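Thanks for coming. Please put the sequence and the model up on the screen, and I will talk through them.

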Amino acid sequence: MACIEPGGTLSPSGIEMLKAMKEPMTDIEIAALSTQPVFKVRSSMRELVEAGFVTTDGKRYSITSKGKEAIKDQ
């Protein structure tokens, strides 16, 4: 299950992961706060980075303003 739908909107799992990211976090920390397994979080973070919802410094992921905007009414 992808975290971004074909039209560019977030899937429920994508929304869940972004909502868990209150501060920069590792993939393991995101998995612990969401219901997603680590392998799913890792693939989803790659997808979210490519779409501009998340940035990474190589170890931690941070939600971008685009990501915050996407979940503000969720």
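The buried residues of helix α1 are covered by several elements, among them α2 (27-33), α3 (38-51), β1 (54-56), β2 (61-63) and α4 (65-71). Helices here are DSSP runs of H or I with at least four residues, strands are runs of E with at least two, and both are numbered from the N terminus. Helix α1 itself covers residues 12-20, and its buried residues are S13, G14, I15, M17, L18 and A20. Buried means under 20% relative accessible area, exposed means over 50%, and partly exposed is in between, with a 1.4 Å probe and protein chains only.

A word on where this comes from. This is a predicted model, in which local features need pLDDT of at least 70 and side-chain atom pairs count only at pLDDT 80 or more, while totals for chains, interfaces and linings use all residues. Residues are numbered from 1 along each chain as its sequence is written, and side-chain values use heavy atoms, with hydrogens and water left out.

Now the overall picture. The protein has four helices and two strands, and from the N terminus on the order is α-α-α-β-β-α. The C-alpha trace spans about 25 × 25 × 20 Å along its principal axes. Of the 74 residues, 41% count as buried. For contacts with a separation of 6 or more, 46% are between residues 24 or more positions apart; contact means heavy atoms within 4.5 Å.

Which residues have the most contacts inside the largest nonpolar core? They are L10, L18, M21, I30, M45, L48 and V54, in a core of 18 residues. At least two residues of this core come from each of α1, α2, α3 and β2. A nonpolar core is a set of buried Ala, Val, Leu, Ile, Met, Phe, Trp, Tyr and Cys residues joined through side-chain atoms within 4.5 Å. Take L18 from that list: leaving out residues up to four places away in sequence, L18 touches L10, L48, F53, V54, I63, G67 and I71.

Next, S44, which sits in helix α3. Why does S44 count as buried? Because its relative accessibility is 1%. The side chain of S44 reaches the backbone oxygen of K40 at 2.9 Å. Beyond residues up to four places away in sequence, S44 touches C3 and M17.

F53 has come up once already. K66 lies over the face of F53, 4.8 Å from the ring centre. A charge sits over a ring if NZ of Lys or CZ of Arg is within 6 Å of the ring centre and within 35 degrees of the ring normal. E69 counts as partly exposed, because its relative accessibility is 49%.

Last, P24, in the loop between α1 and α2. Is P24 buried or partly exposed? P24 is partly exposed, because its relative accessible area is 42%. P24 touches E29, R60, Y61 and S62, again not counting residues up to four places away in sequence.

Terms used: A polar contact is a pair of N or O atoms within 3.5 Å; within protein, one must be able to donate a hydrogen and the other to accept it, and residues adjacent in sequence count only if both atoms are side-chain atoms.
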